[in-house]
Every structure is written in structure tokens, then in C-alpha cells.
Amino acid sequence: MSFPSPRCIPRFAPSGEWPEGGLEHLGRCPICSSEDRNLMHDNLRDRVFFVAPGSWRMWRCKNCDVGYLDPRPNSKTIGLAYASYYTHETASRANHISGPRSGLVRRLRQALRNGELNRSYNYHFEPSISSFGVLRVFAKRKAWEADAFVRHLPAPKPGSDQLLDIGCGNGEFVELAQKALGYRAEGLELDARAVEAARRLGICVHHGSVDQNDLPLQSYAHVTLCHVLEHLHHPVSALSNIRSLLQPGGRVWIEIPNLDAASHRQFGANALLLDSPRHLVMFNRKSLQISLEMAGFTSLAFKPVGGFIEEAYLQSWAIQSGIDPYSVEIADFPAHLKTAARRSADADSSRSLQVESLIVCAYRDNA
Ligand SMILES: [Zn+2]
């Protein structure tokens with residue numbers, strides 16, 4: 001087999017099976033408990049990070065639409081799937097807003113993003129270009145990306161400036177929220193090596209999980225989870241615990257891969273977003289809404305999402321071709337798929353059910 005460029009590294013999923021004693025058999029939907037289901041994918045293997053042995057079945061619940069692995073790694077052995085993961089390095093994003101950027105294009109992008117954030121969320125970032133309102137018509141997707149970059153967080157006010165980022169990894173968003181946005185921000189992370197990396201940034205990170213922690217109840221105005229919920233064994237009880245951490249009127253912000261995404265339709269079992277066996281439960285808009293309502297959230301709003309489609313197509317194509325999806329670049333991409341990705345991106349909109357990621361804000365009521 002020949003590969004498009006020397007950058008493309010062929011790789012195979014690890015051989016062997018997951019330790020039998022480390023499996024958990026469900027037989028029913030982990031969200032709504034229905035036993036009514038269809039087999040969606042068989043023989044899924046780790047072709048994203050190439051560390052987890054085993055092959056996996058993904059089922060789709062006919063009642064609530066959620067996708068789930070069954071059997072799946074239990075909570076005692078799931079760490080095997082994270083032997084090499086991407087949240088251990090120390091990184092900083094805070095200077096994307098306030099730090100000096102080299103090059104005219106980068107400075108322009110920074111100023112446009114700041115202009116959007118000042119206009120929409122009442123910040124006062126500099127440098128900024130305040131005429132982004134006019135450019136918005138031509139750059140709607142860029143505006144959505146700017147909104148998602150700050151997780152739709154308004155400029156903080158006294159009394160509503162406590163933020164918790166769950167599954168914060170190396171803490172780059174906690175640092176951004178604290179140093180650039182002005183929140184009193186903390187993180188919660190299960191992986192001890194990621195906690196160490198985060199603490200090197202000089203930020204407050206608690207070691208624990210959403211189910212096991214000693215965080216004070218009703219004390220956060222904002223909780224955020226970026227690509228975390230799909231990794232959890234019990235998403236509804238996690239959401240319920242998150243609701244308990246929120247102040248009355250507080251808000252949880254969640255971003256997750258969308259099971260109904262265009263890349264999943266195009267690439268099926270080769271779609272990057274499946275990421276077996278780390279993604280245990282996969283949502284679409286309907287199943288995410290059901291889960292939030294089961295956890296007691298009454299008011300929720302889905303946000304427009306931009307970007308990711310080309311990357312999702314590129315990396316899924318790499319998986320399909322037996323290539324490490326993190327070794328490929330846009331230049332390696334076959335032209336017909338690039339066109340298909342662009343078409344899909346053009347058809348995409350805030351109301352599309354096929355966006356690559358879902359972003360939702362849900363509120364704890366004031367009672
Ligand atoms: Zn269900």
C-alpha cells in the first residue's frame with residue numbers, strides 16, 4: 001500500500017483483547033435503561049491513540065437515540081485506554097487574547113476575535129477591531145469560533161465569577177478563564193499527570209472526578225465540560241452532580257462530539273469521533289437534551305457551532321486508510337474529500353443536526 005506523503009504514518013490497532021475481568025456488560029441503555037436497541041458498529045478498535053487492546057460494539061438506543069459501547073471497560077480498568085493521551089503537556093492559551101502575536105494575519109485574527117468578544121460578551125480586550133459587526137456577515141463561522149473559544153462566557157461580575165472546568169486536562173482553559181477573562185477559575189481532573197501539568201501553569205486544579213470530589217455544593221456560577229461527558233460511565237448522575245455544584249441560576253456549558261455528525265455519516269466505523277473505547281456514550285441533540293432533563297436541568301440552549309469539518313473528514317479518512325490520524329496534514333487530503341468536506345461545511349448551520357460538535361448551555365433554576 002502506498003501513502004500520500006512521507007508524513008503519513010501507517011499504524012495498526014493494538015492486538016489482543018481487553019482483560020475479561022475488566023469488562024462491564026450493560027444489556028440496556030445507560031441513559032434511559034431501554035433494552036430496545038440496534039447494533040450500530042461491530043469490531044471497533046483503537047485506531048486513534050493505538051493504546052487500548054480489544055474490539056468493541058456500539059449500540060444505538062431506539063428510545064433515546066444515544067450510542068453506547070456494550071460491553072465496555074469498567075471504571076477500574078478504563079485507565080488502560082489513556083496510557084498515551086494528549087492532555088499531559090503544559091500549554092497556554094491565555095496569550096491568544098492578550099499576548100503579542102507575530103505576523104499581520106495573526107494580529108488581525110486576534111483583533112477580530114477580541115472585537116467579537118467585546119461586542120457580544122462585554123469584555124474590553126485589546127487589540128480589537130470594533131467593526132466586526134460588518135464583517136460578521138462574511139465571517140459568521142469565525143464569530144461562532146470566537147464565542148466557543150471563551151465557552152460563551154460573559155465578562156465576569158462580582159458574585160458570579162466562580163468557574164469550574166471539569167476534566168480540565170492540562171488546565172489551559174482554566175488558565176485562560178482566570179488570566180484573560182478574569183474569572184475565579186478552578187479545574188477538576190482525574191488524571192494525576194494532567195493535574196501536575198496544570199499546576200505548573202500556577203492554577204488551582206482539584207484531583208478527582210465529578211462523582212468523587214469534596215467540592216462545595218451550590219458554589220459555582222459556571223461549570224464547563226469540553227469533550228468530557230462522552231468519556232463518563234454514568235453521564236446522567238454526573239450531570240446531576242454538576243447541577244448540585246451550581247449556584248441557583250448557574251449555568252453548565254457542554255461541548256461534545258455529535259453522533260449524527262456529517263463525518264460519521266460519511267465514514268461510519270472509521271469516523272474519528274467514535275474514538276473507541278474512550279468514548280463510552282455518544283450523544284446527538286435529542287439524547288443530550290433528554291440526559292440534561294433527566295438530571296434536573298429545565299432550561300437549555302444549543303449554540304451555533306463552526307469549524308472542525310475539514311479536520312474531522314481528514315482524520316477519519318486517515319483512519320479509513322490505515323494511517324495515524326495525527327500524522328496527516330491538509331496537504332495529504334484527496335481533493336474529492338476536501339470538496340465534500342467544504343460542501344458539508346457550507347450546508348452546515350446553527351440549526352443543522354449534522355454539525356461535528358454540539359454545544360449546549362443548561363441552567364439550574366433559581367428555586
Ligand atoms: Zn436510551
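Seven strands make up an open sheet, in the order 8-7-6-9-10-13-12, and the pairing is mixed. At its edges sit strand 8 (204-207) and strand 12 (299-303), each of which pairs on one side only. From one strand to the next, the twist averages 20 degrees.

This is a predicted model, in which local features need pLDDT of at least 70 and side-chain atom pairs count only at pLDDT 80 or more, while totals for chains, interfaces and linings use all residues. Residue numbers start from 1 along each chain as its sequence is written.

A quick word on terms: helices (H or I, at least four residues) and strands (E, at least two) are DSSP runs, numbered from the N terminus. Two strands pair if DSSP finds at least two bridges between them.

**The protein as a whole**

- The protein has ten helices and 13 strands.
- Of its 367 residues, 43% count as buried (20 or more other C-beta atoms within 10 Å of the residue's own; 12 or fewer is exposed, in between is partly exposed, and C-beta atoms are placed from the backbone).
- Take the contacts between residues at least 6 apart in sequence: 73% of them join residues at least 24 apart. Here, two residues are in contact if their C-beta atoms, placed from the backbone, lie within 7 Å.

- Strands of a sheet pair through backbone hydrogen bonds, either parallel or antiparallel.
- Strand 6 (residues 162-166) pairs with strand 9 (residues 220-226) in the parallel sense, over three bridges. Across this pairing, L163 stands opposite H222 in strand 9, and D165 stands opposite T224.
- Strand 9 also pairs with strand 10 in the parallel sense, this time over six bridges. T224 turns up again here, with W253 in strand 10 as its bridge partner.
- How well covered is strand 9? Mostly covered: six of its seven residues are buried.
- Strand 10 and strand 13 run antiparallel and are joined by seven bridges. R251 has Y363 in strand 13 as its bridge partner.
- Strand 12 and strand 13 pair in the antiparallel sense over five bridges, and K303 has I359 in strand 13 as its bridge partner.

**Helices on the sheet**

- Helix 6 (residues 235-245) lies across strand 6, strand 9 and strand 10 (246-257), running at about 145 degrees to strand 10. For angles like this one, axes are lines fitted to C-alpha atoms (for helices, over the stretch in contact), and the angles run from 0 to 180 degrees between N-to-C directions.
- Helix 8 (residues 285-294) packs on the sheet too, touching strand 10, strand 12 and strand 13 (357-363), and its direction makes about 25 degrees with that of strand 13.
- The axes of helix 6 and helix 8 come within 8 Å and cross at roughly 55 degrees, so the two helices are oblique to each other. The cut-offs: under 35 degrees is roughly parallel, over 145 roughly antiparallel, 65 to 115 roughly perpendicular, and the rest oblique.
- P235, V236 and L239 in helix 6 meet S291, L292 and M294 in helix 8. The residues of this contact divide into five nonpolar, one polar and no charged. Ala, Val, Leu, Ile, Met, Phe, Trp, Tyr, Cys and Pro count as nonpolar, Asp, Glu, Lys and Arg as charged, and the others, Gly among them, as polar.

**Another helix pair**

- Helix 1 (residues 104-121) and helix 3 (residues 140-149) pack at an angle of about 70 degrees, with their axes 9 Å apart. They are therefore roughly perpendicular to each other.
- On the helix 1 side, L112, R113, E116, L117 and S120 meet K142, A143, A146, D147 and F149 in helix 3. The residues of this contact divide into five nonpolar, one polar and four charged.

- Four strands form an open sheet in the order 2-3-4-11, with antiparallel pairing. Its edge strands are strand 2 (37-44) and strand 11 (281-282), each pairing on one side only.
- Strand 2 and strand 3 (residues 56-61) pair over five bridges in the antiparallel sense; H41 stands opposite M58 in strand 3.

**A loop residue**

- R200 has its place in the loop between helix 5 (192-199) and strand 8.
- Is R200 buried or exposed? R200 is exposed, with 11 other C-beta atoms within 10 Å.
- R200 and N170 are 30 residues apart in sequence and 9.1 Å apart in space, C-alpha to C-alpha.
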